[in-house]
Amino acid sequence: MSKAYTGGCACGAVRYEITAEPVFSNDCQCRDCQRESGTGHQSHLTFPREGVTLTGEGRPWDMVADSGGVKTRNFCPHCGLSVFLTFADMPDIVAIRAATLDDPSRFAPTFVTYADRAHEWDRVDPALTAFAKMPPGPQ
Ligand SMILES: [Zn+2]
Ligand SMILES: [Zn+2]
């Protein structure tokens with residue numbers, strides 16, 4: 001196995017160490033990711049939950065996703081940065097925001113989600129497969 005994925009919030013109160021490889025890595029152009037990032041998309045790495053060790057405690061905030069499912073954003077209570085996401089319908093996975101990695105160059109997106117929400121001014125890699133919403137099938 002490769003080196004653990006480590007990272008966390010801006011102030012260091014919420015940290016993670018992940019000893020698994022991502023299930024998938026994507027750029028997401030949904031409205032929630034746009035609002036939260038303040039720009040056209042967010043980038044996520046999704047891991048099996050059992051490989052994720054957290055230090056500190058994220059403050060959870062539940063929201064209804066574009067898909068209709070409930071997703072929980074977990075914020076650092078000190079610096080306010082959203083570090084990871086969990087999903088009510090998919091308890092076995094955790095999505096980490098790519099830029100929270102200590103080494104963000106390890107993010108290697110393989111597809112784009114919610115491309116139907118994309119803005120003209122937000123360009124992602126045109127070589128990536130772009131799904132109008134989520135990819136078909138279970139995540
Ligand atoms: Zn923090
Ligand atoms: Zn999104």
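Okay, quick definition to start: "buried" means under 20% relative accessible area, "exposed" is over 50%, and partly exposed sits in between, using a 1.4 Å probe on protein chains only. By that cut-off C30, at 2% relative accessibility, is buried.

Some housekeeping. This is a predicted model, where local features need pLDDT of at least 70, side-chain atom pairs count only at pLDDT 80 or more, and totals for chains, interfaces and linings use all residues. Residues count from 1 along each chain as its sequence is written, chains are lettered from A and ligands numbered from 1 in the order written, and side-chain values use heavy atoms, leaving out hydrogens and water.

So, what coordinates the zinc ion (ligand 2)? You've got C28, C30 and C33, each through SG, at 2.2 to 2.3 Å. Donors here are N, O and S atoms within 2.8 Å of the metal (3.2 Å for Na, K and Ca), and with water not among the atoms, sites may look incomplete. The donor spacing reads C-x1-C-x2-C.

C28 is buried too, at 7%, and it belongs to strand 3, residues 24-28. Strands are DSSP E runs of at least two residues, numbered from the N terminus. Five of the five residues in strand 3 are buried, so the strand is largely enclosed by the rest of the structure. F24, N26 and C28 point one way, S25 and D27 the other.

Now the neighbours. Strands pair if DSSP finds at least two bridges between them. Strand 4 (residues 42-48) runs antiparallel to strand 3, with five bridges, and F24 partners T46 there. Strand 10 (residues 111-113) runs parallel to strand 3, with three bridges, and D27 partners V112.

Note on methods
Helices (H or I, at least four residues) and strands (E, at least two) are DSSP runs, numbered from the N terminus.
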